[in-house]
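Visitor: Hi, could you walk me through this one?
Guide: Gladly, here it is.
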Amino acid sequence: MGSQNVLDSTESRIAYSYDATAMSPQMPLAAVRPSTPEEVAKIVQLANEQNFPIVPRGSGTGLSGGAIPLENSIVLLTNHWNRILEVDEENLTVMVEPGVITAKLHETVEKLGFIYPPDPGSASICTLGGNVAENSGGLRGLKYGVTRNYVMGLEVVLPTGEILTTGGKSVKDVAGYNLKEILIGSEGTLGIFTRILLKIIPRPETHKTMLAFFSSIEDAAKTVSAIIAAKITPAMLEFLDNTTIRCVEEYAHLGLPVETEALLLIEVDGRKAVVDEDAAHVEEICRRHNASQIKVAATEEESVRLKVARRSAFTSLARVKPTTIMEDVAVPRADLARLVSRIREIGKKNDVMIGNFGHAGDGNLHPNYLTDERNAAEFARAEKTVFEVEEAAIEMGGTITGEHGVGLYKKRLLEKMVGSPSMKMMRTLKTMMDPQNILNPGKVFDLKPKCEGILPRKREEIKKFEDVAWI
Ligand SMILES: Cc1cc2nc3c(=O)[nH]c(=O)nc-3n(C[C@H](O)[C@H](O)[C@H](O)COP(=O)(O)OP(=O)(O)OC[C@H]3O[C@@H](n4cnc5c(N)ncnc54)[C@H](O)[C@@H]3O)c2cc1C
């Protein structure tokens with residue numbers, strides 16, 4: 001790769017020692033920047049020969065610790081590998097390199113009259129490789145689905161160093177086992193994506209955006225169920241609670257009524273006649289469920305402004321305390337109000353400040369625990385809250401992660417969530433595909449790493465780094 005693509009200065013190693021998860025950083029031995037699948041394959045082959053772990057990395061916006069390095073590991077960077085190689089308007093596909101930023105793909109295809117629907121809140125910075133590895137969702141999940149629904153083909157370097165391609169432009173393809181589906185959402189543990197073929201769809205003719213405010217969370221939750229029961233599928237159906245509304249208003253000054261308990265951001269899209277009819281119907285449903293105020297965007301500018309309320313939720317909450325733990329639980333959507341009140345109870349009991357927002361239409365909530373990792377007692381209370389909320393989600397027939405993945409952060413509850421036979425099958429699959437346990441070992445579940453690291457550096461060096469005031 002050339003020595004310019006091997007980054008092993010202390011500064012580089014610090015820069016690649018963490019992701020967006022509130023977890024302790026860990027310095028890698030080095031970060032490497034390959035530019036072809038063949039180079040990736042050679043690095044993986046070397047890792048098998050010399051026994052060192054490889055941690056693939058996109059932009060490091062992951063919220064479950066997937067890109068946090070392991071001791072004596074090499075971080076394999078992909079974010080410089082960022083070309084859109086082809087837009088095929090006849091087959092409705094795009095071929096991209098893994099480091100393309102999601103929003104760049106959005107802009108490119110929108111100019112041509114298409115959309116690529118998955119739009120994680122981090123779209124302006126995360127990579128498509130990271131999106132496929134996490135099977136990321138986003139604001140348009142209810143109507144359009146998640147990343148998985150748009151991946152048509154993959155070129156992957158396997159943990160043994162072989163290069164595999166799976167899927168293609170053919171819409172129908174049932175030849176053999178569907179390997180693509182196993183690789184999507186594999187969190188960098190089963191392969192490194194080097195090219196991705198994605199589906200795009202024609203851009204809807206128009207859309208209408210509104211914000212509806214409620215003085216009770218139950219009313220907001222009932223509105224969500226009533227909209228779905230009315231056979232309307234909005235493109236966005238998002239929720240913010242009172243703490244989040246207050247923080248957003250303080251940050252973005254949008255004129256939001258800060259005394260309201262809940263806000264729903266609703267967007268319907270499609271043909272103009274249908275959009276007008278659906279928007280009117282949604283408005284009527286909101287009023288019927290005691291919405292205290294409804295703001296409907298009259299122009300595209302206003303629509304963008306209304307969406308700022310939701311898009312700035314995390315940033316606004318993150319200003320309140322030094323550490324923000326963004327959670328990601330999901331339950332059947334009819335249980336959303338029950339989940340919110342359970343989270344409030346748990347937060348009150350543990351004395352932890354929580355701001356809730358999320359994808360109400362998907363039953364996917366992001367409680368944000370606002371804490372300070374420098375205060376051990378306070379941080380321990382926040383971690384206890386995370387654990388109890390995850391358990392509550394499981395009890396309610398939901399999941400410990402709707403879209404952020406298991407990584408390091410959620411693996412302690414995975415077995416309880418999926419059951420022993422599933423865990424056994426996942427471990428068997430990993431061992432079969434990655435016999436040396438080279439690729440992102442210890443993520444998703446524990447499997448004793450066989451690799452010790454080629455150049456085990458002295459523990460003191462890592463210790464020295466840990467002593468740096470790190471906030
Ligand atoms: C403010 C904020 C908002 C967010 N909103 C959302 C949201 O709405 N929906 C959502 O789903 N997520 C959201 N996320 C989480 C995160 O952005 C996504 O998980 C995203 O897909 C991660 O992409 P990345 O490029 O940053 O990947 P990284 O964090 O670098 O890596 C994530 C995982 O993917 C693996 N990986 C990365 N690239 C590759 C590759 N080429 N091949 C194989 N494995 C690879 C890594 O090993 C790691 O396990 C949000 C995060 C933040 C900080």
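Predicted model: local features only at pLDDT ≥ 70, side-chain atom pairs only at ≥ 80, totals over all residues.

Visitor: OK, which residues come nearest to the ligand?
Guide: There are 36 residues around the ligand, and of these Pro56, Gly58, Thr61, Ser122 and Thr127 come nearest.

Visitor: And how far is the side chain of Ser136 from an oxygen atom of the ligand?
Guide: An N or O atom in the side chain of Ser136 lies 2.7 Å from a ligand oxygen.

Visitor: How much of the ligand does the protein bury?
Guide: The protein buries 95% of the 980 Å² that the ligand exposes when taken alone.

Visitor: Which elements give two or more residues to that shell?
Guide: Those are strand 3 (54-57), helix 4 (128-134) and strand 10 (192-199), with helix 4 providing the largest share, 5 residues. By type, the shell residues divide into 11 nonpolar, 21 polar and 4 charged.

Visitor: Changing topic, at what angle do helix 7 and helix 12 pack?
Guide: Helix 7 (residues 217-229) and helix 12 (residues 336-350) pack at about 150 degrees, and their axes are 9 Å apart. Because angles over 145 degrees count as roughly antiparallel, helix 7 is roughly antiparallel to helix 12.

Visitor: Which residues make the contact?
Guide: Helix 7 contributes Ile217, Glu218 and Ala221, while helix 12 contributes Ala337, Val340 and Arg344; these divide into 4 nonpolar, no polar and 2 charged residues.

Technical notes. Residues numbered from 1 in each chain as written. Heavy atoms only, no water. Near = heavy atom within 4 Å. Polar contact = N/O pair within 3.5 Å; in protein donor to acceptor, adjacent residues only side chain to side chain. Areas by Shrake-Rupley, 256 points an atom, 1.4 Å probe, with all protein chains shown as cover. Helix = DSSP H or I, 4+ residues; strand = E, 2+ residues; numbered from the N terminus. Nonpolar A, V, L, I, M, F, W, Y, C, P; charged D, E, K, R; others polar. Axes fitted to C-alpha atoms, helices over the stretch in contact; angles between N-to-C directions. Parallel < 35°, antiparallel > 145°, perpendicular 65-115°, else oblique. Contact = heavy atoms within 4.5 Å.
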